[in-house]
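Okay, thanks for making time, everyone. Let me put the structure up.

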Amino acid sequence: MNTTQPLPPPLLQLEHISLSFKAVKAITNISFAVQPGEICALIGPNGAGKSSLLNVINGVYRPDEGAISYNGETLHIMQPQHAAERGIARTFQNIALFKGMTVLDNVLTGRNLHVHSSWLEQVFNLGRAPQEAVRQRKKAEEIIDFLDIQPWRNSVVGNLPYGLQKRVELGRALAAEPKLLLLDEPMAGMNAEEKQEMSRFILATQREFTTTIVLIEHDIGVVMTLSNHVVVLDYGKKIGDGKPEEVRQNPQVIAAYLGTKH
Amino acid sequence: MLYREAGQFISHYRADQRLFRLRQDRIGFYLLLASAFVLVPYCGNDYWFSAILIPFLVLSLAGMGLNFLTGYAGQLSLGSAAFMAVGAFSAYNFNLRVEGLPFLLSILLGGVVAGLTGVIFGLPSLKIKGFYVLVSTLAAQFFVQWVFTNFAWFSNDSSSGVITAPPLQVFGLDLSSPAGRYLLTLTIVTALGLLAANIVRSELGRNWMAVRDMDTAAAVIGIAIPKTKLLAFAISSFYLGIAGSLWAFTYLGTVEPHGFDINRSFQILFIIIIGGMGSILGNFLGAAFIVLFPVLMSHIANGLLAGVIDAGHLENFQKIVFGMLIIGFLIKEPNGLASIWQTFRQQLRVWPLRY
């Protein structure tokens, strides 16, 4: 690595984040930085605090201690809505789509922060509303094309198979045109083929939309090929941080994943 | 064979977003409107106007109001009749106390007052969820009825809070005949029905459904939950308020607060459950069922069983059958009449193939 070149300022920086639920410490003093444009993987055994950390980043949980700086500004208390307004989108471990709505409508809801017409204009379909509806539709269709889900455009999401629902959820997140995308186990429960497909979409997202991605994934093979940067958690503490190949050599990580003789 | 979409190509998003995408649906809708506006006033008799068509239309409108809140935005409500009462009594007072206020404008203002009342009783929904919201709307139901019964000012000091319809004059036309009242109701319901179809397909309608299906995810993608919920309460109560005015003025003529009791709220809830939650068409189907079915039942019962069982028992018997039919029907089709229509339509489209 060329150390003389200064690194660009990180897009996301977590400093000494701690979070506890009553007596249970979920996250203890975690710091790491995510560079713009990279894919950063959070890995670790179950209960290591990975999902909690994502929830802290987008404001669902409020950390007990520590600070998050994002895009040069320090965020103190964040509501999920504030995070969304700043360009942070996410998907959930257990799919959190709007089950009674069509694929198209789900993707369109992802664009709600790009809507400028007022509710009165929408109710009467006057003023900015009609043109905006067409513009939003066009953008939503771009995402639908990108993810190859055109045949299911008008299908109700609740009736679709699991793998497709995961893809639609990615679509809803991408529709927001996020700067930072948080993916909570985008490949959980998928077979090898589906994982490969989803990996392609994630890489294409990074390449085409220059989105920075933080993802949680259990499949180490996928993590090593996808990510530029890996952070390893165990029992709420950070035990490894670096490039995939460095992390793989880290004795602590090997111990956490494979166990050691005591 | 009539129901073919071959040759109808949609090449613009705007065309894809229209209310009826199929030409056959559009023609059918225009024919329906034309016959409702032209044919029915010539052919119908006063009994049909006053006892069936007007209540059917008004209850459809009330169903739309509740459907916005419950079917689309997912907030349970048992206060529909309260908001109808607020609409009716406000419109009555506007008409009474403002000199020369046109009838239509009074109704509109009544709807606005009902909408604002809805926002106030919707405030608890920002903190509580699910069945607990029901309690707030139940409070509205009892509070509003109590206010109108106990404060005679609202009914201009009439005995037991009865209000009487103002003269039904619209643009100089006297619409107090049954056919006139029917046309007035039909015009208002058609306009608000088309508006409703537009609302639920707009960004606002999508936000309502997002809040209904999963509110945490809605917040995470940036939807302002409080605003979305309160708008649902406002627009829902506005529709209910207008329906209340029509119920009082074009259907009954005179009404007391008791006419908007909790049984009315239940009736409207049944309309949207039978008709279909989250469907505009469903409100009309549900209202038709609620209005027509008892009429049909009593005709059948009087024809077949008259003299065999005494009239009082017959009436109770009808209620039992009605209740059982609703239960049986909901087991067969929990998504309501609108969903049966959708299935039928789909079969028509692919006929004679099966899918």
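So, salt bridges first: between chain A and chain B the count is one, where the rule wants a side-chain nitrogen of Lys or Arg within 4 Å of a carboxyl oxygen of Asp or Glu. The partners are the side chains of B:D16 and A:R137, at 2.7 Å, N to O.

Quick housekeeping: this is a predicted model, where local features need pLDDT of at least 70, side-chain atom pairs count only at pLDDT 80 or more, and totals for chains, interfaces and linings use all residues. Residues are numbered from 1 along each chain as its sequence is written, chains are lettered from A in the order in which they are written, and side-chain values use heavy atoms, with hydrogens and water left out.

Now, how much do the two chains bury between them? About 2600 Å², with 64% of that on carbon and sulfur atoms; buried area here is the accessible area (1.4 Å probe) that two parts lose on being put together, summed over both. A:F98, A:V123 and A:R137 supply 21% of what chain A buries against chain B, more than any other three residues. In contact terms (heavy atoms within 4.5 Å), 34 residues of chain A meet 29 residues of chain B.

Last, the patch. A:W119, A:L120, A:F124 and A:L126 make a nonpolar one on the surface, about 390 Å² of accessible area together. Joining takes nonpolar side chains (Val, Leu, Ile, Met, Phe, Trp, Tyr) within 5 Å, from residues with over 30% relative accessible area and no salt bridge.

Note on methods
Patches are made of residues with over 30% relative accessible area and no salt bridge: like charges are joined within 9 Å, nonpolar side chains (Val, Leu, Ile, Met, Phe, Trp, Tyr) within 5 Å. Accessible areas come from the Shrake-Rupley method with a 1.4 Å probe; for residues, only the protein chains shown count as cover.
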